[in-house]
Structures are given as C-alpha cells and as structure tokens.
Amino acid sequence: MRIKELKRTVNVCWSPAEHYPITLAAGSAAQQVDASFSSSSHLELYSLNLEDPGVDLELKSSLQTQHKFQKLVWSGAGVIVGGCDGGLLQFYSADKLLNNASDCLLGSSTKHNGHVSALDINPYQKNLLASGASDSEIYIWDLNNTSQPMAPGTRNQPYDHVQGLAWNQQVQHILGSTFATRCVVWDLRKNEPIMKLSDSQSRTRWRALAWHPSVATQLCIASEDDQVPVIQLWDLRLAASPLATLEGHNKGVMAVSWCRQDPDMLLSGGKDGRVLCWNPNNTKPGGEILSEISEQQQWVFEVSWCPRDPNLLSAASFDQHVAVHCLLGGARPDVSPAATSSIVESFGGAASFSQLPAVARAPAPAAAHHQPPTPPAWLKRPSAAKFAFGGKLLTFEKCPQEAGPQKLVYISQVVSEPEIV
Amino acid sequence: MITVLNTIDTGHEDMIHDAELDYYGLKLATCSSDNSVKIYDIKSGTQTLAADLKGHFGPVWQVAWAHPKYGNLLASCSYDRKVIIWKESGEWTKLYEYTGHESSVNSIAWAPAEYGLILACCSSDGSVSIITYAQDTGNWEVKKIPGAHAIGVNSISWCPAISADLNLDPLSNKEAPKRIVTGGCDNLIKIWREQGEQWVEENRLEMHMDWVRDVAWAPSLGLQRSMIASCSQDKRVVIWTSDDNVSWTPTILNTFDDVVWSVSWSLTGNILAVSGGDNKVSLWREGTDGQWLCISEVAK
C-alpha cells in the first residue's frame, strides 16, 4: 500500500537502522529536468509524518547544492554521501543537515572520472564507503579521512562504467561490483578480484546487485536489458551458471534490494514501472513473485527496504514520483492517480503531446490483495509467556532451526510469595 | 519459584504463536503457523487433544477464551485477514467469521465479561474492530476505528471493568466508559474510550523507538491506580501508571538484550511476565519504593 509520496524526481536513501526517527534523504536527480527546467538542486530531508493521514512527507530541512545527484547513501557514521556528475563525491553531515546548519558540506572529492552512480556503505564498518564511476574506477573511502581513497585492486578490463556496488552482508572485506557484461567480486584483503561472473547463455546487461543477507556466497544481479529483463541468483561456489532466474518484469530491471530482516524477500523495480517483491530462495523456474507492490507510469530506477522498519519500502521513478509503500496493509487501494505531468504543463499543456509514451504493460495479474501469501519473518512471534488463573504461567519458545519447529508448551506454577501460600 | 507442572507436545507442524488456558485452567488452546488451532483437555499432569480446528488459511497469531458464562467460546485471528469465533456444543464448530480487515489480524482480546460478549481485533491494515454480540438479534455488530495506527496495529488489551473509572463509585461503575489500549508499528501506544456510538482517541503514549509488540492492561483489584505494560522491538519494557486513566506516567522497567515479544500480568496484577526473542522469560514485581525488581529469570 502506498502511504506517502513525494512529487520530485530525486534519488532517495533511508536513514540507517540506528537512526531514530526514520528519515528519508532526497537529492535532485542528475540528468533529469523538472517542471520549471530549473537547474537548481537540493538535498532535502523528510520525516515520514505517519501521524498525518495524508500522503505528504514532512520536509525537515533543505539545502541548496551546486550539483545534482546520481546516487545517495546515508552512513551509520552520520555522513550522507552524494555521487554527482564529473567524478564528484560530496560528503554532508547528517546532523548538521537536520539542524539546518549552514556548514553541512564536510568535504568533496573529484578523484573519479565520469558520473559516480554506484555507492555503498560497509555494513560492519560504517565509515567505509565504496564508490564507482567510469573507466572501471572503484575506490574505497574512509569517511573519517577522505583524502586517501584506496582501490580494491587493478581496474577491471575492458574499462567500463561501474553500474552497481554492494558490500557482502556477512564477510566485511568482500565487495561486489557490476559492469554491463560482468559482475566482479573483490577481496579487499588480497587486493584483487576473486571471482568474475558472466552469463554466457543470455545477453544480460547487468545493473544492480544485492548480496544475500545471511548466505555469504549468494547474490542477486539484475539485468536492465529490455530483451532479458531478469534477476539472477548466483552462488559463488557454483559460478558457472545462475542458481535461479527470476522472470517477471517486462522491461529491464533497474534496482534490487534484499530485505535484511527476512532473506525470503527481495524487491525489484524496472523500466516497466513495476515494483515486485520476490522470494529469491524459491528456485522454481521463473521464480516466485510474492507481491506486486505498485505500478508506475514510468521507469522505477530505485527501490529500497527501510533498514529500521522492514514493513516500509521506497520506490523512485522518473515521473517525478517517490513513493513510500508499506508491505502489509490494504486499507487504501493502491491506485496512483494518472498524474498529469507537470512537465507538459510548462509547455502550456499542449494537447498534442499530453500523452507520454507509457511503458509497455503486461496484463495485470489478478492479485486482489497485495499481501504476500506467507507472512514476513518479522511478524512471527517466536515465544511468549502468559499468566493464567492460580499463578500458572504458560510459556513456549523458539527452537534452533535444526531442531525443527517448537512443539512444546509448558505450564508452570509460579509461587512468588511462599509465606502467603 | 517456578515449577513446571505440564509439558504439552502440541504436535503443531510449524511455529507456535500463542497458547492460552481457559478460565478454569482445564483447557489449553494453541495456534501455529501451520494454520491450525488445537484444544487440549488438561487434567492432573496429562493432556488429551480435544479438537484440531481448521478454518484459517494462514498462520494463526492468537487465541482468546471468552468468559465461561457465555459458554465455551474461543476466538482466533490469522494472517489470512480473518477472525473466527469457535463454539463447543458437543463438538467444536465455527460460530462466526469476521472478515472486515484487509490485512493480517494480529491480536484479539475479549472485553471484561461485565460488558457483554465483545471482541476487539486489530490488524496490519491499521484499523481496530470492536465486534459485539447482540443478545436480542443474535447478530454481531461491528464498530471500527479506521487508521488507529499508521502501518499496522500489533496488540490490543482492555481496561478492566472494575477500575474503568477510578473516580466513580465502584458500585455504580456500570456507567463507567470502556477503554482499550493498542500498540502499533508507529511506535505509539494509544488509549481509546467509547463515547456514545464512537470510539475516540483519548491518549497517545510516546516512549518507544520501534514497533510496540505487546501491550497489557493490568488487572486491578481495588487499587486506586491503573497500570499498562508495553514492550517493543526497541528491547524495552515500559510500565505506564495513572491515577485517573487520563494522565499517564512512564517508567522504564528494563532494557533487555533482545526484542521483547510479550508482556503478561498475573491475575492479581502484581507480577509481570516478560518474554523476549532470546527465549528468556523473567518475572518482575514492583517494590515498595516503586522500583521494579526481577524476582525470577527462566532461561532454557
């Protein structure tokens, strides 16, 4: 269910899990025009504003910036990093932004060439940032000292744009990177690539990637090629071919996000405007779609689970639209009103091209409810203790996975005041 | 202090999510991710399966026994968006099915028996339903609180009838307003009061920094004070106290090592059982100085 939205073409990122309250950072997207054709750019912070039944997010702070953004990430170390055009990286203080201070910009670097469109924060060391740009350039930064970035190894040849970067979720010195034709996995301890994945069977064009939250050797890679709009699940131990291929998008897949609280849920967003939730661990042919979260008019270029609240996710699309959805809940039907493009309005609303070429659409699946068929892991209460009449206490508990499901319920007698009994 | 009397192998094929003893402690109801509800007869250390109720098409989150003056009634709520009220008359059958929620129904609670046969239900769709059995027509009437908590309600509990309004003479408390407390995914606790045909938000209690997993209004046996316990994903348990059911004061009982999933008051309202994601169960009691002390810890 769509609960909040923002009518801007922006790159967004969630505040990290340890940050309270949940905040969304939005930076004007590079290479996009907005209604006024203004070239000004802003970095803005929004609170979710869940108190308010309306769909508007609450603007907390806004900063005019020199450059638009290709990608934003928010580190648990309190730094918001923006990747911009021309090899520029900008480092902002999240706290100062929230306080509307004037000196938010901590520093910047132009070490890269081309636009910096791949960024990721190490899940174990919050001050470690990986960035990728043109010519196969990848740098690892220490956010405490951004003067001397290091390379994870010699640049991968042939030189190509770095489409995506993702740190392994289990092993902190492993970094995955995607180029159009290959996925390269780096070991920072050895300072070299340890694995190169490429699918010789199909003509995939890789863009985004995401590591399995709990299985160190598995990752999903998404193909933005319209002919091969698939997500593939790979295991580095069987690097000859993918374990599974998730087929559901009608056009290229632009973004993936794997839920850290439930590895059975993977989000994807594509050029067909759809946001899908998959169970990537179901290796049946074609994959298992758990839920169709939404359908936009235009390309969805970014999707992301909220790190703090797994029930929330964001999806950004090119029709000046960022939506915050909630996975469960169906009180409000998710019918996004055919938003009249404000770009058209600035041309005087000329009727001749009032219709944007809408994305090709497959017949909508007959899913009456968007709720996944099985509940997400975080909804399942594993244990409880409940009092009953006569000082009896009922308990049951979570068992280790290998022991199978817990079957036992204990009834105990509590004697708290023996002198009375 | 704690002695295990019975160990019941429920035979559920997936995780158990709730277990509750009936009023007399003779019947045990359990529910599970295997979509079933089971009822056991408990007698002096032995138990026999009395019923295996199949009617839900998703994990069953909670079961709740109605007061015995209404007969043997059990309510269950499930991820399949349904609430089922089961009745035993010879054998167990479905008495009523409530399908008014649009998402997982996470928690249910029967009102104090003095008010009649009333069940409160709360759902991931953010709303709360109060369904009342009308004796004269034999129908169930539904009142709804839409948008009670943004992005979902996790838990619900009734204010006991005896303490419903502490300023009123207990002998004439028939007129006392009904109250319920809910905990949600918006990290809030809300108190609702029935006012005419409506349920209105009377209070919102802010303290938790993550999902509120469980709330429990303490039974009150003549104490001039109301208490609510709440627990959260933020690993904390908070005790809320009030002298007038209007202004509430929080006390952090403890910050635990793991997510706290359930809080439960003893029937005398003086001991709180806390259960966490690390399988630890602890019992707490308020000392004379107002400090909460752990009087027992069970870790298996």
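Across the interface of chain A and chain B, 24 residue pairs are found in polar contact, both residues being at pLDDT 80 or more; a polar contact is a pair of N or O atoms within 3.5 Å, where within protein one must be able to donate a hydrogen and the other to accept it, and residues adjacent in sequence count only if both atoms are side-chain atoms. The model is predicted, with local features needing pLDDT of at least 70 and side-chain atom pairs counting only at pLDDT 80 or more, while totals for chains, interfaces and linings use all residues. Residues are numbered from 1 along each chain as its sequence is written, chains are lettered from A in the order in which they are written, and side-chain values use heavy atoms, with hydrogens and water left out.

**The interface of chain A and chain B**

- The contact, meaning heavy atoms within 4.5 Å, takes 52 residues from chain A and 69 residues from chain B.
- About 5,500 Å² is buried between chain A and chain B, 58% of it on carbon and sulfur atoms; buried area is the accessible area (1.4 Å probe) that two parts lose on being put together, summed over both.
- Of the area that chain A buries against chain B, 13% is supplied by Arg381(A), Phe387(A) and Ile411(A), more than by any other three residues.
- The rule finds 4 salt bridges across this interface, a salt bridge being a side-chain nitrogen of Lys or Arg within 4 Å of a carboxyl oxygen of Asp or Glu.
- Lys386(A) forms a salt bridge with Asp18(B), and the closest N and O atoms of this pair are 3.0 Å apart.
- On the side of chain A that touches chain B, at least two residues each come from strand 29 (384-388), strand 30 (392-396) and strand 31 (408-414) of chain A; strands (E, at least two residues) are DSSP runs, numbered from the N terminus.
- Strand 31 of chain A gives the most to that side, with 7 residues.
- The residues of that side divide into 29 nonpolar, 12 polar and 11 charged, where Ala, Val, Leu, Ile, Met, Phe, Trp, Tyr, Cys and Pro count as nonpolar, Asp, Glu, Lys and Arg as charged, and the others, Gly among them, as polar.

**Strand pairing between the chains**

- Strand 31 of chain A pairs with strand 1 (residues 2-9) of chain B in the antiparallel sense over 7 bridges; two strands pair if DSSP finds at least two bridges between them.
- Leu408(A) has Asp9(B), in strand 1 of chain B, as its bridge partner.

**A sheet in chain A**

- Chain A holds an open sheet of 4 strands with antiparallel pairing, in the order 1-28-27-26.
- Strand 1 (2-6) and strand 26 (300-305) of chain A are its edge strands, each pairing on one side only.
- Strand 1 and strand 28 (residues 321-326) of chain A run antiparallel and are joined by 4 bridges, and Glu5(A) stands opposite Ala323(A) in strand 28.

**A sheet in chain B**

- In chain B, an open sheet of 4 strands has the order 18-19-20-21, again with antiparallel pairing.
- Strand 18 (212-217) and strand 21 (249-255) of chain B stand at the edges with a single partner strand each, so one side of each is left without a neighbour in the sheet.
- Strand 18 pairs with strand 19 (residues 226-232) of chain B in the antiparallel sense over 5 bridges, and Asp214(B) stands opposite Cys231(B) in strand 19.

**Salt bridges over the whole structure**

- Over all chains, a search of the whole structure finds 30 salt bridges.
- Glu44(A) forms a salt bridge with Arg8(A), with the closest N and O atoms 3.3 Å apart.
- Glu44(A) lies in strand 4 (residues 41-47) of chain A and Arg8(A) in the loop between strand 1 and strand 2 (10-14) of chain A, so the pair ties together parts that are 36 residues apart in sequence.
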